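Here is a short tour of one protein chain. Have the sequence and the 3D view at hand, and follow each stop in turn.

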Amino acid sequence: MRGEFNLPTIAEPKSFSELLEVIEEFQSTSDASWYRGCRNAGHCLQPSIMRHAPVKPFKEIHELEKQIASRFVQRSLPFVSRPFMDEWDKLFFMQHYGVPTRLLDWTENPFVAIYFAMTPLRVEPDKDAALWLCDPVKWNSHVMSSYSGKKGILDQSSRFLTQYSPEALVDDVPNHPIMMYGTYNSPRIVAQRGGFALFGNLPDPMEQIHQTGGFAPECLQKVTVKKEHIPDIRSSLLKKGFTESVVFPDLDGLAKEIRREFGFEQ
């Protein structure tokens with residue numbers, strides 16, 4: 001889903017230092033700060049399973065989610081070194097390998113988000129990029145306004161999350177996305193300081209839910225980087241040592257970095 005509903009941008013930085021100023025200002029007024037980088041500013045904040053064009057009502061998405069998880073379990077056995085601990089562990093494992101889920105990736109590290117917003121240059125070079133800023137504590141505070149238990153950023157131990165579980169009945173799943181930490185079951189999630197928005201029964205993009213759901217403006221903000229400034233901001237980030245092998249601490253990351261250093265990746 002692209003550009004059908006877009007949050008107004010709060011800034012259009014022209015340099016890495018201007019972008020850092022925007023981040024500093026956001027952090028100074030936030031209870032916590034999460035980030036997401038999008039190479040195309042027109043892309044919406046929507047998890048992969050909800051971008052499946054023929055599937056719209058949540059009941060169908062819920063059923064599709066079960067079918068995909070069942071297929072993943074059936075065919076992944078030869079490739080996993082341990083059994084899944086629970087439904088949450090399986091869900092985050094699937095997300096890590098790009099299997100469609102209700103999870104949308106965020107990061108606590110703004111440099112990780114900037115990296116993904118600026119890389120690679122050859123993909124959609126005529127498009128602006130976006131850096132999304134979210135205060136997950138304020139977001140959850142709104143979603144959990146009627147809940148008397150512990151709030152803040154959730155993890156699998158939270159009773160509130162039970163109603164979002166892959167095992168929950170379809171009619172029990174709440175409307176709004178909830179911000180949570182996942183299972184740190186891979187070096188990449190650790191290196192990228194990953195957090196997640198787990199979507200509920202509204203398939204709408206997160207920015208649309210923010211606008212129509214009564215959330216405070218500072219819960220979710222958008223920064224746009226015009227396409228002509230992307231190469232210089234990306235170069236500044238890489239010169240500071242924030243490279244492919246930092247974002248992907250494995251052989252794949254090293255290979256990406258070597259390809260770029262020797263001119264095979266622009």
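This is a predicted model: local features need pLDDT of at least 70, side-chain atom pairs count only at pLDDT 80 or more; totals for chains, interfaces and linings use all residues.

## Aromatic rings

Which residues do ring pairs link into a cluster with Phe72? Phe84, Phe93 and Tyr97 join Phe72 in that cluster.

The whole structure holds 15 aromatic pairs. One of them is formed by Phe72 and Phe93, and this pair is tilted. Two values describe the geometry of such a pair: the distance of the centres and the angle of the planes. For Phe72 and Phe93 the values are 6.4 Å centre to centre and 55° between the planes. Phe72 sits in helix 2 (residues 58-76) and Phe93 in helix 3 (residues 87-96). The two are 21 residues apart, and the pair links distant parts of the chain.

## Salt bridges

How many salt bridges does a search of the whole structure find? The search finds 7. Three of these are described here, starting with Glu65 and Arg102. Their closest N and O atoms are 2.8 Å apart. Glu65 belongs to helix 2, while Arg102 lies in the loop between helix 3 and strand 3 (103-107). This pair links distant parts of the chain, 37 residues apart. Both partners are buried: Glu65 has a relative accessible area of 6%, and Arg102 has a relative accessibility of 0%.

Arg82 and Asp89 form another salt bridge, at 2.7 Å from N to O. Here the partners fall into two classes. Arg82 is partly exposed because its relative accessibility is 31%, whereas Asp89 is buried at 0%.

Next come Lys226 and Asp128, whose side chains meet at 3.5 Å, N to O. Lys226 lies in the loop between strand 7 (220-225) and helix 8, and Asp128 in the loop between helix 4 (110-118) and strand 4 (129-134), so the bridge ties together parts that are 98 residues apart in sequence. Lys226 is partly exposed, with a relative accessible area of 29%.

Return to Arg102, in the loop between helix 3 and strand 3. Phe199 is placed in the loop between strand 6 (194-198) and helix 7 (206-212). At 0% relative accessibility, Phe199 counts as buried.

Met50 and Arg102 are 52 residues apart in sequence, yet their C-alpha atoms are 7.1 Å apart in space.

## A buried cysteine

Cys134 is part of strand 4. Its relative accessibility is 0%, so Cys134 counts as buried. From Cys134 to Thr107 the C-alpha distance is 9.8 Å, and 27 residues separate the two in sequence.

## The two sides of helix 8

Helix 8 spans residues 230-239. Its buried residues are Ile230, Ile233, Arg234, Leu237 and Leu238. Why do they lie on the same side of helix 8? They cover an arc of only 135° around the axis, which means that they share one side. The general rule is simple. An α-helix has 3.6 residues a turn, so residues three or four places apart point the same way.

Asp232 and Lys239 are on the other side of helix 8, and these are exposed.

Which residues make a nonpolar surface patch of about 600 Å²? Leu251, Leu254, Ile258, Phe262 and Phe264 make it. Leu254 is found in helix 10 (residues 251-261). Leu254 counts as partly exposed because its relative accessibility is 39%.

One more ring deserves a stop. Lys256 lies over the face of Phe248, and the distance from the ring centre is 5.3 Å.

Conventions. Residues are numbered from 1 along each chain as its sequence is written. Side-chain values use heavy atoms; hydrogens and water are left out. Patches are made of residues with over 30% relative accessible area and no salt bridge: like charges are joined within 9 Å, nonpolar side chains (Val, Leu, Ile, Met, Phe, Trp, Tyr) within 5 Å. Accessible areas come from the Shrake-Rupley method with a 1.4 Å probe; for residues, only the protein chains shown count as cover. A salt bridge is a side-chain nitrogen of Lys or Arg within 4 Å of a carboxyl oxygen of Asp or Glu. Helices (H or I, at least four residues) and strands (E, at least two) are DSSP runs, numbered from the N terminus. Buried means under 20% relative accessible area, exposed over 50%, partly exposed in between (1.4 Å probe, protein chains only). Rings of Phe, Tyr and Trp (its six-membered ring) pair if their centres lie within 6.5 Å; planes under 30 degrees apart count as stacked, over 60 as edge-to-face and the rest as tilted. A charge sits over a ring if NZ of Lys or CZ of Arg is within 6 Å of the ring centre and within 35 degrees of the ring normal. The arc is that of the directions from the helix axis to the C-beta atoms.
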